[in-house]
Amino acid sequence: MDAVNKETDVIDPDRSQQLVDALTRKGVNQPCPRCGSRKFGVVDEADLRLGGTEHPQAVLPTVVVACDNCGFVTLHATGALGVPELEAAVDG
Ligand SMILES: [Zn+2]
């Protein structure tokens with residue numbers, strides 16, 4: 001995967017590279033399904049809150065990747081990538 005870090009990226013560059021390396025190891029190298037571009041960037045990491053009202057504490061750590069051309073966003077579960085998770089900054 002060709003990754004481009006832009007000044008607008010909010011993630012730490014070292015962490016971003018770690019995630020890009022992990023995605024590359026997993027063979028994440030297909031072009032954007034919407035526009036065909038091969039330029040992507042790791043935008044940030046985000047915890048998806050799962051479980052609704054039954055298990056409101058369940059979260060799924062993800063890596064947010066966006067196409068540099070059209071902005072198509074994909075999420076990869078961090079746990080599948082074999083990289084250490086960041087300490088969650090939970091507010092509340
Ligand atoms: Zn695209």
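**Terms and their grounds**

Author: Let us begin with one residue, in a model that is predicted. Beyond the residues up to four places away in sequence, Thr62 touches Glu45, Ala46, Leu48, Leu75, His76, Ala77 and Thr78.

Reader: What makes these residues contacts of Thr62?

Author: Two residues are in contact if their C-beta atoms lie within 7 Å. The residues named for Thr62, among them Glu45 and Thr78, meet that condition.

Reader: Why is Thr62 called partly exposed?

Author: Thr62, which lies in strand β3, has 19 C-beta neighbours inside 10 Å. A residue is buried if 20 or more other C-beta atoms lie within that distance and exposed if 12 or fewer, with partly exposed in between. The count of 19 therefore makes Thr62 partly exposed.

Reader: Why does Asp12 count as exposed?

Author: Asp12 lies in the loop between β1 and α1. Exposed applies at 12 or fewer neighbours, and Asp12 has 12 C-beta neighbours inside 10 Å, so Asp12 counts as exposed. Along the chain, Asp12 and Asp44 are 32 residues apart, yet their C-alpha atoms are separated by 8.6 Å.

Reader: How do you know that the span of α1 is close to the expected one?

Author: Helix α1, residues 13–25, has 13 residues. At 1.5 Å a residue, 18 Å is expected, and the helix reaches 18 Å from its first C-alpha to its last. Just after α1, Gly27 takes a positive phi of about 80°.

Reader: Which residues of α1 are buried, and why are they said to line one face of the helix?

Author: The buried residues are Ser16, Leu19, Val20 and Leu23. Seen down the axis of α1, these buried residues fall within an arc of 105°, so they line one face. On the face turned away from the buried side, α1 carries the exposed residues Asp14 and Arg25.

Reader: What makes a set of residues a nonpolar core, and which residues form the largest one here?

Author: The members must be buried residues of the nonpolar kinds, such as Val, Leu, Phe and Cys, joined through C-beta atoms within 7 Å. The largest such core has nine residues: Leu19, Val20, Leu23, Phe40, Val42, Val63, Val65, Cys67 and Leu81. At least two residues of this core come from each of α1, β2 and β3. Cys67, one of the core residues, is in contact with Cys32, Arg34, Cys35, Ser37, Phe40 and Phe72, leaving aside its neighbours within four places in sequence.

Reader: In what order do the elements of the protein run?

Author: From the N terminus on, the order is β-α-β-β-β, which comes to one helix and four strands.

Conventions
Residues numbered from 1 in each chain as written. Predicted model: local features only at pLDDT ≥ 70, side-chain atom pairs only at ≥ 80, totals over all residues. Expected span 1.5 Å × (residues − 1). Arc of directions from axis to C-beta.
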